[in-house]
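Please open the model in your viewer and colour it by chain.

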Amino acid sequence: MIVLNVNGEEHRALLEPRKLLCDALREDCALTGTHVGCEHGVCGACTVLLDGRPVRSCLIYAVQAQGAAIVTIEGVARNGVLSTLQQCLHEAHGLQCGFCTPGIVLTMQAWLDENPEPTDAEIRDALSGNLCRCTGYHNIVAAVAAAARRAKEKAE
Amino acid sequence: MKPARFTYEVPATLADALAALARRGGEAKIIAGGQSLAPMMNMRIAQPGHLIDINHVAELGQIRLADDHLVCGALMRHADLARHVLAWTHAPMLAYAAGTIGHYAIRQRGTLGGSLAHADPAAQLPLAAVALDARIEIASSGGRRVVPATEFFASIFTTVLEPHELIVALHVPVARLGEGWGFQLLTRRAGDFALALVGCTLARTGRRVDAVRLAVGGVGATPVRLDGAIEPGAGDAHWIERAARAVAAAVTIEANERISVEYRRELVETLAQRALTEAIESLT
């Protein structure tokens, strides 16, 4: 039996050591916002925050995440209000099918916190770890840039 | 794609980790960041019967200056190494190289020791370790030993590590005052392993550029030092061109079905030229 702290709530699960964190989140915690794409760390769809850092939840076993604060896409919006980055993705049409979006939101939010005034080239470099087969990325880049501007305006 | 069944333990101290390795070494694998091991396990290329998780061994995550060496703990994450002021001050090439690994999320989790132990011939940190005359500190329940990076990598994905041994730290001689450095790699897509990579450091004595160290990775089984092919000189464009050509002529390139030897040799020359130019420009 392990205990996972996901989005501030404790989830208990009985599982084998080999169970991937992404599968435990989906099957044992019933949080299906974390999407499972390639299962070998390439596509970025399953990215979640582990103690504030974006990590591939397909490359970590659920047993390893005990004691850590996990944030999934379900923990990003507050009381039904989208985060700034989510809102900007919505406005800029930064998603189509939405499969890659949870991973992009968690990766790029952590990255923006570290890089509050990014250039488009820097955004593209950071985004290179998240595959999107619909958008062609342009609108995602625009959304991330808009989120950076909006966060700055809010801070001023 | 799910990993095969394994048992799992998570030691809290280095002594516990080494005792676990002594007990289960043959069938066990150490897991740290898991950015190479976990994909291999998901694909069942690797099927260890037991995992020893060292992520909670705090003493392996430290970085400190000891006399003329920077001691980087094996559990340092690439992202931390890439922004650490000690690393940038005393081993800037290593810090820069760490920041070029994979993608942003991969760098948050992947570790220095993991990259060294995995020994991918096209990986950044093994190349930097070889170029910088670094030494690898290894521990087992029987004691410790230190192996020069140039002798640590035995072949593709193969090192001199014994099954009951664990990498503790990388010892990097601190950069000399005024030393220049360059690091160049080419990847087909952002975050891919490099087709080839070159790291170098050099210094200026009077009007001559000397003390050149240069290593090439991604073209053979292990990173190799090739500064033996370079003669000291003026450090001007002509010297750089000649030095890069000499490196490309000296390097042994293993055949690869997808990329011709000729292309890789030209690539090594171009990357060496860029790395040397960068190093000269960074001389202070």
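Throughout this tour, two residues are in contact if their C-beta atoms, placed from the backbone, lie within 7 Å. The model is a predicted one.

**Stop 1: the domains of chain B.** Select residues 7–53, 58–173 and 180–281 of chain B in turn; the domain assignment gives these as domain 1, domain 2 and domain 3. Now keep domain 2 and domain 3 of chain B, whose C-alpha centres lie 21 Å apart. Between them, 22 residues of domain 2 of chain B are in contact with 20 residues of domain 3 of chain B.

On the domain 2 side of this contact, highlight α5 (92–98), α8 (124–131) and β8 (153–155) of chain B, the elements that give two or more residues to it. Which of the elements gives the most to this side? It is α8(B), with six residues. Colouring the domain 2 side by residue class shows 14 nonpolar, six polar and two charged residues.

**Stop 2: the nonpolar core.** Select B:Leu94, B:Val247 and B:Val268. The largest nonpolar core has 142 residues, and these three touch the most other members. Centre the view on B:Leu94 and leave aside its neighbours within four places in sequence; B:Leu94 is then in contact with B:Leu81, B:Ala87, B:Ala128, B:Leu132 and B:Val172. In soluble globular proteins, nonpolar side chains tend to be buried together.

**Stop 3: where chain A touches chain B.** Display both chains. The contact takes 24 residues from chain A and 23 residues from chain B. On the chain A side, select β4 (53–56), α3 (101–114) and α4 (120–127), the elements that give two or more residues each. The greatest contribution to this side comes from β4(A), with four residues. By class, the chain A side divides into ten nonpolar, eight polar and six charged residues.

**Stop 4: a helix pair in chain A.** At what angle do the two axes cross? They come within 10 Å and cross at roughly 115°, and the crossing of α4(A) and α5(A) is right-handed.

Show the side chains at the contact. From α4(A), select A:Asp120, A:Ile123, A:Arg124 and A:Leu127; from α5(A), select A:Ile140, A:Val141, A:Val144 and A:Ala145. The residues of this helix contact comprise six nonpolar, no polar and two charged.

Key
Residues are numbered from 1 along each chain as its sequence is written. Chains are lettered from A and ligands numbered from 1 in the order in which they are written. This is a predicted model: local features need pLDDT of at least 70, side-chain atom pairs count only at pLDDT 80 or more; totals for chains, interfaces and linings use all residues. Domain bounds come from an automatic or database domain assignment. Ala, Val, Leu, Ile, Met, Phe, Trp, Tyr, Cys and Pro count as nonpolar, Asp, Glu, Lys and Arg as charged, and the others, Gly among them, as polar. A nonpolar core is a set of buried Ala, Val, Leu, Ile, Met, Phe, Trp, Tyr and Cys residues joined through C-beta atoms within 7 Å. A residue is buried if 20 or more other C-beta atoms lie within 10 Å of its own, exposed if 12 or fewer, and partly exposed in between; C-beta atoms are placed from the backbone. Axes are lines fitted to C-alpha atoms, for helices over the stretch in contact, and angles run from 0 to 180 degrees between N-to-C directions. A crossing is left-handed if the near helix is turned anticlockwise from the far one by less than a right angle, and right-handed if clockwise.
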